[in-house]
Amino acid sequence: MGVITMSLPTHIPVLLNEAVEELRPQPGGCFVDCTVGLGGHAATILERISPSGRLLGIDDDPEAIKIAQIKLSGYGEAFTLVNDNFVNLETICSKYHFHPVDGILFDLGVSSLQLDTAQRGFSFQLEGPLNMRFNPEQGLTVGDIVNTFSERELAQLIEKYGEERHSRRIARHIVQNRPITTTSVLARAVVQVLGGRHTRIHPATRTFMALRIAVNSELQNLEFALKQTINLLRPGGRLVVISYHSLEDRIVKQFMRREASGCLCPPGTVICRCGHVPTLKLISRKVIKPTSLEIESNPRSRSAKLRIAERLN
Ligand SMILES: C[S@@+](CC[C@H](N)C(=O)[O-])C[C@H]1O[C@@H](n2cnc3c(N)ncnc32)[C@H](O)[C@@H]1O
């Protein structure tokens, strides 16, 4: 297949072989990539399902969709790209007649396109506006949050989504120094509280992550979307999820375990009353992680965890 990549932004797909192997794409298959990004995983799936298979690619970021459209253009009519939030998964699949499907992929988090574009405001290493929304036109920005939330709300958010021990001190300093106008001003404010770099990670990492998760409602959207996959997968169809931090991995793990369980009654219950019917089978209890070789060639893959489940009859 002729795929155009010249001078377009790139993103190295994480756990590419592992994720695609577990999705088991076959010629004629029907797949949904809920986070199509720059089309890395999607291209490999399309390669395997061609010529008669179909792929639906979703991304909240309109810029990513534009680039994926060009990158995947060699696959002709085999794919459909939709600029939407995967929280609307069932509605999108029903609109484009993707139901039932053989596999659904989530490769969560941020793309290199987003991280490396200063104007998007995702990186504390680049000077940019406080935006950080996957869809840069929708909803609150990080600037709105840091400049209008109360000290208490900010501290709670940074603690909950960043698992940051010093959230209260950081929130107090932010509030005392408002307005916070750019990524570097925000990063500096955190460094002023925590001191310079003492560990492997930059002191502002957790605060930036917390704000990104909050501004995009990442955890809530993931929970809602995962529930919708059950109705969409055909029996034997696979759900494959790559997550990048412990909060999202916990949601994926708990969802898969709950759906694979034959009973959801409280522990110690003698006679099951819940009547829960398992809908998924866990394919591997342990997470799949990138090899040291992959991490060496793509350090952004280092925190990735892949989980797989299969739809039961
Ligand atoms: C790690 S990148 C995916 C990269 C892609 N697998 C590739 O190979 O190019 C994650 C993508 O998910 C998108 N995303 C994150 N949350 C989303 C959501 N709730 N709905 C739709 N897209 C989302 C982001 O905009 C980003 O483009």
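Let's start with disulfides: the structure holds 0 of them, where a disulfide is a pair of cysteine sulfur atoms within 2.5 Å. A disulfide is a covalent bond between the sulfur atoms of two cysteines. Cys 93 is in no disulfide either, and its nearest cysteine sulfur, in Cys 34, is 6.9 Å away. Cys 30 counts as buried, with 9% relative accessibility, and so does Cys 93, at 1%. Buried means under 20% relative accessible area, with a 1.4 Å probe and protein chains only.

This is a predicted model, in which local features need pLDDT of at least 70, side-chain atom pairs count only at pLDDT 80 or more, and totals for chains, interfaces and linings use all residues. Residues are numbered from 1 along each chain as its sequence is written, and side-chain values use heavy atoms, leaving out hydrogens and water.

| Residue and part | Ligand atom | Distance |
|---|---|---|
| Leu 38, backbone N or O | oxygen | 3.0 Å |
| Asp 107, side-chain N or O | nitrogen | 2.8 Å |
| Gln 114, side-chain N or O | oxygen | 2.8 Å |

On its own, the ligand has 600 Å² of accessible area (Shrake-Rupley method, 1.4 Å probe), and the protein covers 98% of that.

Terms used: A polar contact is a pair of N or O atoms within 3.5 Å; within protein, one must be able to donate a hydrogen and the other to accept it, and residues adjacent in sequence count only if both atoms are side-chain atoms. Buried means under 20% relative accessible area, exposed over 50%, partly exposed in between (1.4 Å probe, protein chains only).
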